Amino acid sequence: MRASTKKKKPVGRLRAQRPTRTHEPEAPPQVVVLAAGIGSRMRSTLPKVLHRIGGRTLLEAVIDTAEGISPSRIVAVVGAGKDRVEAVLAGRAVTIVVQHPPLGTGDAARRALPALSNGPGPVVILSGDAPLLTSPTLAKLIERWREAGLDLALLTFRPPEVGDLGRVVRDDRGRVRRIVEARGATAREKRLTEANAGVYCFAAPALTRALGELSRNRGSGEYYLTDAVEILASSGGAVEAVEAEDWREGWGINTRAELAAAEEIERRRCLERALEAGATIVDPATTRIGSKVRFEPDAVVHPFVCLDGTSTLEQGCEVLPFTRVTDSSIGSAAVVGPHCEIEGAQVGPRARVGPFARLRPGTVLEEDVRVGNFVETKKAVLRAGVKASHLSYLGDAEVGAGANIGAGVITCNYDGEKKYRTTIGEGAFIGSDSQLVAPVTIGKGAYVGAGSTITRDVPEGALALTRVPQKNVEGWAERRKARKEEKPSAKGE
Ligand code: UD1
Ligand code: CA
């Protein structure tokens, strides 16, 4: 699978005696993500890799990291909760292979082999339950594999407590010999502090050979990928461990407590990224920022705000307390909140939204739009300067620039079967408490009188009014009072 040059290259003191090769400098890696395990220690009906961190599933976080090293292919090994896992991967450039039953990490890696192509690049194996690994650390591991011409480079880390992790066993010259799982470790091995992160960079032929030689673990009956380390190291293969600079990168999730700890680490990272980008986070302790949220300088985030998905906060915008923004962009100098729900929306420059507004997917607010309290929008485009200040529903609508939507205006977009569009022309004025029964078009500059139910198009510049004409009955109140005094009610006696 791999073409290697014959040229020998000296690499570091420890390994000077070893046979070494160099790998082709440019060949892209292929990545395998192991995600078939049941995750029984989570005590959950949800497959472990579908639990979330920073708003993403663990699996997506790992795949995002994989994409960061520009691989030629990503293969995910799935099994437990297969259909749900596959649904999360839909639309991503990931080849799925199935492992059933789950017979261990070694068996899972073996399932992926047929999906890999022959190429000189490395095969990188990742755990679907280790979401804190970053692409630069992975790139460093691959770099070491390349420059030292290794058969296997594995990532290690030193967490505050090694717990149930596999330990790296080295010989007296410091060379990696094998990984020992906690369960099979001697008391002395248990005290080792260097843990296996479950992140490997293999030369393809070495991987194929090692997987072919795995045997079942006597205790658990599973095939351990970690045994590949001893298989290669004891047969003269070049195996090296690369320690992560930050131990958090190796953090894997087997339990709820580990998930919560990972979330806290990710939360800190996201906050730090926001601050580095020039945002003001008024109260870091109550602010939640998803892993994919982007910030421009001088964006201001107030307490109790959740920013999720692929949201962007542009230059100088402000998100006020108790507001959630998901997959949305907030334009420069726009102000959103307090108490708003913003999802799948684009908020234009200098727009003002809230308090208590709900922007649903497909909402586009252009510059200087004003959407006030208790206004809901869905698939609605509000052109520049539109005002919808109070108590409205605008769904499947296009509202021309400068139009005014009065309090309580409703687009009646649904007849119980289908949705219909409402088009409101530039500069139109829709009086309070009107219903626009779609499909309907209100012409440019037209007026709709307050309290109207509009069922037909209104021409440009016209006034439409459907109100019942008002009748004033002069002196009615006085006469009513007089009647009451003539005939006192039984109760009053
Ligand atoms: C594994 C390593 C351990 C390492 C730790 C790092 C082995 C035997 N041990 O232990 O040395 O310190 O990761 O976090 O590899 N999976 C499958 N199919 C299976 C079993 C597992 O796809 O049959 C997947 C899981 O979904 C998971 C990953 O492989 O994403 C790791 O499996 P897990 O059971 O969590 O291994 P650990 O016990 O954490
Ligand atoms: Ca694990």
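**Close-up 1. Ala333 in its loop.** Ala333 counts as partly exposed, at 41% relative accessibility, in this predicted model. You will find Ala333 in the loop between strand E20 (329-330) and strand E21. Look at the backbone here: phi of Ala333 is near 60°, a positive value in a residue other than glycine.

**Close-up 2. Arg350, with a positive phi.** Arg350 sits in the loop between strand E23 (345-347) and strand E24 (352-353). Its phi is near 60°, a positive value, and Arg350 is a residue other than glycine. With a relative accessible area of 48%, Arg350 is partly exposed.

Close-up 3. Follow the backbone from Gly337 to Pro338 and you meet a cis peptide bond, with omega near -5°. Pro338 belongs to the loop between strand E21 (335-336) and strand E22 (341-343).

Close-up 4. The bond from Ala438 to Pro439 is cis, and its omega is near 0°. Here the proline lies in the loop between strand E35 (435-437) and strand E36 (440-442).

Close-up 5. Asp129 (OD) and Asn254 (OD1) coordinate the calcium ion (ligand 2), at 2.3 to 2.5 Å. Asp129 comes from the loop between strand E6 (123-127) and helix H4 (135-148), and Asn254 from the loop between strand E11 (239-243) and helix H8 (256-276), so the pair ties together parts that are 125 residues apart in sequence. Are these two residues buried or exposed? Buried means under 20% relative accessible area. Asp129 has 14% relative accessibility, so Asp129 counts as buried. Asn254, at 18%, counts as buried too.

Close-up 6. The space taken by ligand 1 is the largest pocket. There are 23 residues around ligand 1, and those that come nearest are Gln99, Gly104, Thr105, Glu181 and Asn196. Strand E1 (30-35), helix H3 (105-112) and strand E10 (195-202) each supply at least two residues of the shell. Now look for the oxygen atoms of the ligand. One lies 2.9 Å from a backbone N or O atom of Leu34. A polar backbone atom of Gly104 is 2.7 Å from an oxygen atom of ligand 1, and a polar side-chain atom of Thr105 lies 2.8 Å from an oxygen atom of this ligand. On its own, ligand 1 has 750 Å² of accessible area, and the protein covers 90% of it.

**Close-up 7. Glu194 and Thr156.** Glu194 is found in the loop between helix H5 (187-190) and strand E10. The side chains of Glu194 and Thr156 are joined by a polar contact of 2.7 Å. Glu194 counts as buried, at 5% relative accessibility.

Conventions: Residues numbered from 1 in each chain as written. Chains lettered and ligands numbered in written order. Predicted model: local features only at pLDDT ≥ 70, side-chain atom pairs only at ≥ 80, totals over all residues. Heavy atoms only, no water. Donors = N, O, S within 2.8 Å, 3.2 Å for Na, K, Ca; no water. Helix = DSSP H or I, 4+ residues; strand = E, 2+ residues; numbered from the N terminus. Buried < 20%, exposed > 50% of the residue type's maximum accessible area, 1.4 Å probe, protein only. Near = heavy atom within 4 Å. Polar contact = N/O pair within 3.5 Å; in protein donor to acceptor, adjacent residues only side chain to side chain. Areas by Shrake-Rupley, 256 points an atom, 1.4 Å probe, with all protein chains shown as cover. 1 Å grid on protein atoms, 1.4 Å probe; cavity = no way out; pocket = protein on both sides within 12 Å on 5 of 7 lines; lining within 4 Å. Sits in = over half its atoms within 2 Å of the grid points.
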